[in-house]
Amino acid sequence: MKLHPRNVPIKGDPFIPSRFIFGDAVEEKGLEPYEYVIHTQEPVFVCRLVGMDLTPFDGRDQEGFRSVVLYDESHHLTHYVTNSGFRLFDFNFWGEIPTAAQLQKICDEAMQVYQRLQKAYIDREVAPKERDFRLVPTEPLPPAERQARIAELLALSRDAQQNPVKRIQLAALVQQVLSGGDQAVFTEAQLALQGEAAARKLLLDCAHDTIAFPEVMRPDGSVASYELWAFPVVFSRAQGGVWWHFPLLEQVEPPLAEALQLAPETILWMSPTIFTVDSLAERSCQSLVHLAPTMDAGCDLALHDVAAARASFEAASTVNEPQLVLAWLPFIVERGKLPLAQVRRHAREALDATMPLVQQALSAEMVYGEAELFMPLPWWEALAAGTAAYNRKRFALTMAVLAGSELPDGLHAEAEYQPEHQAYDVRLLGASQQLLARTPWLLTPDLSPDRSLVWQDLQSCLRQAGIPVTEHTPKLH
């Protein structure tokens, strides 16, 4: 665009406004106690609108919609009233003034539009419009085809170390493999590279970037670049089962963007689908590759068949099973528009603005006890920070329960890795090996969880608490 010459006449916009426009006005003390109605077609006029009006007229007590145009002789004013409690008054006309019959017809139409507008406001406040679900694909390949895809991924990972062109091809192949329905292809490929550290690191880094910095190809051929972020959240629940789809989380988007001081028109979309430790471990975080394309298409990601998952959740909710749940609330932002330093500066404002809305969204779909929200971070950092905070919170709760009684001498811990739970089972023992308490210590969800880093973190935490810990390896017979 360019500066408009000062003396050139302004051309009218070709986009014609709605026939009826409703709005508020501000006076010195705040909002005026009534709304305004503007009729933009002939006869053009503006008037005031109030509700809860009880002006008497013939037909007020009749069934159905009734209206009438009245004339106040003492003040020389025209009023339009309805039996639904609305009154239009203070009519100001531009151009030809209509007859009472013409004005009544126009105002009747205005009230019909106003009722639809109020219904739209109510629907928007109660819940967002339902969107289509996209189910995470699960289609295992035939054994021969699976082995061929694994071999292709292995060969390209080795060649890409020295060849930039192969590295580009590797990124495309990783995107294709992760988007497929067979999670074993990528998992077995990275496991096969255990003895080739450089090639394995390249493969995992490529997959991490594919998920954290998604490129979305749209139907029109354009490409949208995003970054994946998340809020870690911990909440308690007395019943069994955990639900994963919360439509009201969409209401977090405007206040979050404002709190983080994002530039106007910057895309920030919150996912109504949250991810727990179990849902991430189920597919080793590979299902995340579908998140950005699904959100960009205006759909919601479904981790499982929605109807069946809801039935399972409601059945599990009948069981008394106290639990502390760790989950992540993902959102995508246009790439390069949200520096981490900016998020750190405005983290407190972001948490204050979003926490009430997150609580409302959770409570609308699931009964929970207490919830704690943590600062938003880029996806992989959010996973690590949330897991570390959760592990320490669980350990602190366990120690608080033990502190209620006198701690025995010789308090120590044994940790046994449980691969089926992707966690260490930490047992707190007394000097005579009596079991005092136990608590899990979760591995950070990942494409390939690093057990050694988690063991080091566990040792460091217990060392600070003055509790020696040893790793217990079960004997296999």
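## Close-up views of a predicted model

**View 1. Helix 11 from end to end.** Helix 11 has 19 residues, and its first and last C-alpha atoms lie 27 Å apart, close to the 27 Å expected at 1.5 Å a residue. That expected span is 1.5 Å times one less than the number of residues. Helices (H or I, at least four residues) and strands (E, at least two) are DSSP runs, numbered from the N terminus. A note on what you see: this is a predicted model, in which local features need pLDDT of at least 70, side-chain atom pairs count only at pLDDT 80 or more, and totals for chains, interfaces and linings use all residues. Residues are numbered from 1 along each chain as its sequence is written, and side-chain values use heavy atoms, leaving out hydrogens and water.

**View 2. A bend at Thr354.** Look along helix 11 (residues 347–365) to find Thr354. Here the helix bends by about 35°, and a proline, Pro356, follows within four residues. The bend is the angle between axes fitted to the seven residues ending at a residue and the seven starting there. Is Thr354 buried or exposed? Thr354 is buried, with a relative accessible area of 0%; buried means under 20%, exposed over 50%, and partly exposed in between (1.4 Å probe, protein chains only). Leaving aside residues up to four places away in sequence, Thr354 touches Phe231, Val252, Leu256 and Leu373. A contact means heavy atoms within 4.5 Å.

**View 3. What covers helix 11.** The buried residues of this helix include Ala347, Leu351, Met355 and Val358. Among the elements covering the buried residues are strand 11, helix 6 (253–259) and strand 15 (320–334).

View 4. Arg200, Cys206 and His208 are among the buried residues of helix 5. Their cover includes helix 2 (143–159), helix 3 (164–179) and helix 12 (379–402).

View 5. The strands follow the order 20-19-18-21, with mixed pairing. At the edges, strand 20 (435–442) and strand 21 (469–471) each pair on one side only. Two strands pair if DSSP finds at least two bridges between them. Strand 18 (residues 412–418) and strand 19 (residues 423–429) run antiparallel, joined by seven bridges. Within this pair, His412 has Leu429 of strand 19 as its bridge partner.
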